[in-house]
Amino acid sequence: MQYNSKWQIFSKMILKKLHSIVVIIFSLFSFIALWELVSRLGIYNANLFPSPIKVLEALFSMIYTRELFIDTYFSLLRIILGFSIGSFLGVVLGVLSGRIRIFELFFGHIINLLRPIPPIAIVPLAMLWFGIGESSKIFLIAFGVFFPVWISAHDGVRDVKKEYVWSAKSLGANDRQILTKIILPYATPFIITGLRVGIGIAFVVLVASELAGAYAGIMYKVSISYLVFRADKMIAGLIWLGIIGYSMDRLFILSTKKLIMWYKES
């Protein structure tokens, strides 16, 4: 009986997964079929609105010539470095401002003053300070990632119930143990949410920074394709950027589930 019960649970899980996969595949094929239909009806200029087949041919052409891999390398390098710097500073300063009152009074208002400024708005200033090289792009991505991570870490630390801290102190815990055993575990779901939002912002800022001036990158390839009226390459580049962004988001979720066993995606 116990074996049959386990088998039924396992079968339901498999059927649920298969159902989700079928729905996803059906939605993708429906979207591509509609796209192909609109392209074949000739409602729009075929050169400006290419069919999925043309876009796929352009994508495979960029893969064959290896230009897509070079552009992907530079874009990913900018995102990884900018995200790492911005998220590290966001977590550290968020924990400090959430935990230490004088730190919040000193830095909190300055950070909140800068937070509403869109990263795209400081693109010209970043180019003026750092030039059109890698430094300006990494700085812009780090600037954009910092604020959602900071506010998530700050709110997570501030949300820790004082009763937990008092109970730990009454049991003889020191400040380091309170931070590592109570505050950080409690604030981790908040921080993870901020990091996930930061990934999306990193891609938005990457697009703006590469369009403003670059010598390689996915959006650089899109802008170059625009100059020669290659809409197929433009759409292929955008689709490729979407695939990378989606993959990084799913990889982040899977890694957090593996590294933090007690954390579950809501």
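## Aromatic pairs

A search of the whole structure, which is a predicted model, finds eight aromatic pairs, where rings of Phe, Tyr and Trp (its six-membered ring) pair if their centres lie within 6.5 Å, and planes under 30 degrees apart count as stacked, over 60 as edge-to-face and the rest as tilted. The rings of W129 and F130 have centres 6.4 Å apart and planes at 85°, so this pair is edge-to-face. W129 counts as exposed at 54% relative accessibility, whereas F130, at 39%, counts as partly exposed; here buried means under 20% relative accessible area, exposed over 50%, and partly exposed in between, with a 1.4 Å probe and protein chains only.

F139 and F143 form a tilted aromatic pair, with 6.2 Å centre to centre and 35° between the planes. Being four residues apart in helix α6, F139 and F143 are separated by about one helical turn. F139 is partly exposed, with a relative accessible area of 26%, and F143 counts as buried at 15% relative accessibility. Ring pairs link W129, F130, F139, F143, F146 and F147 into a cluster.

## Basis of the values

Residues are numbered from 1 along each chain as its sequence is written, and side-chain values use heavy atoms, with hydrogens and water left out. Because the model is predicted, local features need pLDDT of at least 70 and side-chain atom pairs count only at pLDDT 80 or more, while totals for chains, interfaces and linings use all residues.

Two packed helices are described by the angle between their axes and the distance between the axes. Helices are DSSP runs (H or I, at least four residues), numbered from the N terminus. Axes are lines fitted to C-alpha atoms, for helices over the stretch in contact, and angles run from 0 to 180 degrees between N-to-C directions.

Helix α5 (residues 123-130) and helix α6 (residues 134-158) pack at an angle of about 140°, with their axes 8 Å apart. The two helices α5 and α6 are therefore oblique to each other, given that angles under 35 degrees count as roughly parallel, over 145 as roughly antiparallel, 65 to 115 as roughly perpendicular and the rest as oblique. In this contact (heavy atoms within 4.5 Å), V123, A126, M127, W129 and F130 in α5 meet S135, S136, K137, F139 and L140 in α6. The residues of the contact of α5 with α6 divide into seven nonpolar, two polar and one charged, where Ala, Val, Leu, Ile, Met, Phe, Trp, Tyr, Cys and Pro count as nonpolar, Asp, Glu, Lys and Arg as charged, and the others, Gly among them, as polar.

## Two contacts of α3

The axes of helix α3 (residues 67-99) and helix α4 (residues 101-114) come within 5 Å and cross at roughly 120°, and α3 and α4 are therefore oblique to each other. In this contact L93, L96, S97 and R99 in α3 meet R101, F103 and E104 in α4, a set of residues that divides into three nonpolar, one polar and three charged.

With helix α9 (residues 218-227), the axis of α3 comes within 7 Å and the crossing is at roughly 130°, so α3 and α9 are oblique to each other. E67, D71, T72 and S75 in α3 meet I218, Y220 and K221 in α9, and the residues of this contact divide into two nonpolar, two polar and three charged. D71, which lies in helix α3, is buried with a relative accessible area of 4%. Not counting residues up to four places away in sequence, D71 touches A216, G217, I218, Y220 and K221.

## Buried residues elsewhere

L195 lies in helix α8 (residues 175-212) and is buried, with a relative accessible area of 15%. Leaving aside its neighbours within four places in sequence, L195 is in contact with F83, S87, V149 and F252. L195 and V145, which are 50 residues apart in sequence, are 7.8 Å apart in space, C-alpha to C-alpha.

A168 has its place in helix α7 (residues 162-170) and counts as buried at 11% relative accessibility; the C-alpha atoms of A168 and I178, 10 residues apart along the chain, are separated by 6.8 Å. S51 lies in the loop between α1 (2-40) and α2 (52-64) and, at 11% relative accessibility, counts as buried. Its contacts, leaving aside neighbours within four places in sequence, are with W35, E36 and S39.
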